[in-house]
Amino acid sequence: MSVSFPRAGFLALVMVVALAFGVPFDAARGELLARVPAAREMAVCGDRLFVGTKGSSVYAVSLPGGRARRVASGFSNANGVACSRGRLFVASRSSITAFEIGRGGTLSGRRDIRRDLPNSGAHSFRYIALGPDARLYVSLGSPCNICVPRGLQGTIVSMNQDGSDLRRVAWGVRNSVGFDWRGGRMFFTDNGADRMGDDVPPDELNALRPGGFYGFPYFGGQVPLTGFEDAMPPARQIPPVFNFQAHVAALGIHFFRSLGGDALVAQHGSWNRSVPVGYQVVRVRFRGGRPASAATFLRNVGRPVDVKEAPDGAILVSDDAGGAIHIFRR
């Protein structure tokens with residue numbers, strides 16, 4: 001099933017993908033893999049794709065394509081999904097829930113492994129991923145635009161797969177909705193504050209130093225935030241390793257084998273800017289283990305939320321505004 005882009009826009013999109021892959025544009029194909037209402041984070045589990053949503057449900061899609069099936073429901077903001085050893089984990093507003101994955105992507109054995117996630121207000125879309133240490137990592141957003149978070153608000157935490165041994169691994173984080181690992185090191189996006197103008201503060205890409213303080217609400221990037229210009233931070237800030245343009249809403253990040261270890265980042269797009277920016281997927285090139293540059297990789301994919309790599313190297317992009325999962329193959 002082809003994506004219903006205008007022909008000129010679709011060809012432009014295909015050319016961007018192809019140039020980034022280094023193949024002739026007519027050898028790259030962008031298609032609609034499946035319709036998934038309000039599609040958010042994705043988890044590739046063998047030949048099955050699980051998709052979290054802004055709503056109450058989780059869906060499963062066969063990676064060859066076809067109709068998405070609702071496999072779990074009854075959540076509040078079922079944004080986050082991750083899989084490990086035949087189990088699926090769902091991160092919703094207040095809980096982490098585990099399932100056993102059966103044949104055809106069916107889910108059974110539902111049980112909450114945590115029920116005490118803090119109230120993060122408008123920033124309650126939890127992102128979850130399995131780290132190289134086999135622990136689950138979960139983002140817990142700050143409950144505000146600019147304010148002092150309380151408790152575990154504004155952090156990234158890790159835990160065992162049964163929910164035990166909760167640890168704070170990063171704090172001073174405004175709202176991270178994407179992280180992945182490169183060479184054993186975690187990199188995470190963070191959304192900058194609003195209502196400070198079109199061009200500040202930047203959205204961030206950070207490298208994890210376990211236990212580190214990342215500046216919020218005192219800094220966005222290295223820009224002092226409104227109301228905290230003269231305040232003394234509680235710890236020394238770990239600055240971003242890369243700044244994105246303000247208000248692009250950098251969300252999901254994934255390091256791609258098929259791109260030589262570079263990252264793709266979904267930029268969901270601005271709402272608090274006079275001229276909209278974002279609404280694209282960018283490629284972040286790494287040199288010497290550090291991000292060096294970012295450039296447009298995909299356009300015309302609605303409001304992208306997450307990016308993942310299929311087993312065959314294809315690129316998967318979720319779009320919550322269009323309710324779609326797009327796939328790009330060589």
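**View 1. Strands 2-3-4-5, in that order, form an open antiparallel sheet of 4 strands.** The model is predicted: local features need pLDDT of at least 70, side-chain atom pairs count only at pLDDT 80 or more, and totals for chains, interfaces and linings use all residues. Residues are numbered from 1 along each chain as its sequence is written, and side-chain values use heavy atoms, without hydrogens or water. Strands are DSSP runs of E, at least two residues, numbered from the N terminus. Two strands pair if DSSP finds at least two bridges between them. Strand 2 (39-45) and strand 5 (69-72) are the edges, each pairing on one side only. From one strand to the next, the twist averages 35 degrees (axes are lines fitted to C-alpha atoms; angles run from 0 to 180 degrees between N-to-C directions).

**View 2. Strand 4 (residues 58-62) meets strand 5 through 3 bridges.** The two run antiparallel. Alanine 60 stands opposite arginine 69 in strand 5.

**View 3. Phenylalanine 75 sits in the loop between strand 5 and strand 6 (80-84).** Its relative accessible area is 9%, so phenylalanine 75 is buried (under 20%, 1.4 Å probe, protein chains only). Beyond four places in sequence, its contacts (heavy atoms within 4.5 Å) include Val58, Val90, Phe99 and Arg110.

**View 4. The largest nonpolar core holds 17 residues.** Such a core is a set of buried Ala, Val, Leu, Ile, Met, Phe, Trp, Tyr and Cys residues joined through side-chain atoms within 4.5 Å. Ile156, Phe179, Met186, Phe188, Leu208 and Tyr214 touch the most other members. Strand 13 (167-171), strand 14 (179-182) and strand 15 (185-190) each give two or more residues. Beyond four places in sequence, methionine 186 contacts Tyr137, Ile156, Phe179 and Leu208, among others.

Methods:
Buried means under 20% relative accessible area, exposed over 50%, partly exposed in between (1.4 Å probe, protein chains only).
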